[in-house]
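Reader: I would like to go through the labels used for this model, one at a time. Please set each value against its cut-off.

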Amino acid sequence: MTPKVSTAATRAALLEAAREEFAAYGVAGARVDRIAERAGVNKERIYGHFGSKEKLFDAVITEALDDLTAQIALPGADPADYVAKLTDYYHRHPDLVRLLMWEALNYRGQELLEGQEARVQRCGRKTASLAAARGEREPSVATARTLFMLTGLALLPSMMPQLARIILGDAAEDHEGMRDQIAAFVATALK
């Protein structure tokens, strides 16, 4: 007799399979049959665990961002080091970059996304960390914009590799050189 797979294991298998599927095809193009097949479960398990394909996508994004937050410290006193670590993280996790791009395409124009409150709080902590390092009592809009730009700079090489190849040619493959130049740019810009 086959042992029962735990609910937690089924959920984890579904999230892993869904992350691959959503990164490849986006929300609209992803198919629950393929996700279920990759996870080795019946597709009804997706609806039982998550309710809908869209809610499964939201859970995948939440889990991916939780992992990012667990691995990358707050910006603090060295924003150049922070952006370098973010650049490395996005380079190692191109599926997260694709997921964020699919999210932007799929949910454009919507004010609130599923789980956005937690994401707002997470970014608030990052902004507060950067503000404290800059000697601000309260984070300013300018500091929040700076955090937004730091995140964008870190994402850019992984988001637009085709543009990097067009502009840089073979040098586009030098991840460390790109990371170091982004960090140097941030250090200079924030002096």
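Author: Start with burial: a residue counts as buried when its relative accessible area is under 20%. Keep in mind that this is a predicted model.

Reader: What makes tyrosine 90 count as buried?

Author: Its relative accessibility. Tyrosine 90 has 3%. The cut-off is under 20%, so tyrosine 90 counts as buried.

Reader: And how do you know that tyrosine 89 is buried?

Author: By the same test. Tyrosine 89 has a relative accessible area of 0%. Buried means under 20%, so tyrosine 89 is buried.

Reader: How many aromatic pairs does the structure hold?

Author: The structure holds 2. One of them joins phenylalanine 22 and phenylalanine 57.

Reader: Why is the pair of phenylalanine 22 and phenylalanine 57 called edge-to-face?

Author: Take the distance, then the angle. The ring centres are 5.1 Å apart, and pairing needs centres within 6.5 Å. The planes stand at 85 degrees. Over 60 counts as edge-to-face, so that is the label for this pair.

Reader: Which parts does this pair tie together?

Author: Phenylalanine 22 lies in helix H1 and phenylalanine 57 in helix H4 (residues 53–71), so the pair links parts that are 35 residues apart in sequence. Both phenylalanine 22 and phenylalanine 57 are buried.

Reader: What makes tyrosine 89 and tyrosine 90 an edge-to-face pair?

Author: Their centres lie 6.3 Å from each other, and the limit is within 6.5 Å. The angle between the planes is 80 degrees. Edge-to-face takes over 60, and the pair of tyrosine 89 and tyrosine 90 is edge-to-face.

Reader: Which residues in H5 meet H10?

Author: Pro79, Ala80, Val83, Ala84, Thr87, Asp88 and His91. Their partners in H10 include Arg179 and Ile182. By class, the contact of H5 with H10 has 8 nonpolar, 3 polar and 2 charged residues.

Note on methods. Residues are numbered from 1 along each chain as its sequence is written. This is a predicted model: local features need pLDDT of at least 70, side-chain atom pairs count only at pLDDT 80 or more; totals for chains, interfaces and linings use all residues. Side-chain values use heavy atoms; hydrogens and water are left out. Contact means heavy atoms within 4.5 Å. Helices (H or I, at least four residues) and strands (E, at least two) are DSSP runs, numbered from the N terminus. Ala, Val, Leu, Ile, Met, Phe, Trp, Tyr, Cys and Pro count as nonpolar, Asp, Glu, Lys and Arg as charged, and the others, Gly among them, as polar. Rings of Phe, Tyr and Trp (its six-membered ring) pair if their centres lie within 6.5 Å; planes under 30 degrees apart count as stacked, over 60 as edge-to-face and the rest as tilted. Buried means under 20% relative accessible area, exposed over 50%, partly exposed in between (1.4 Å probe, protein chains only).
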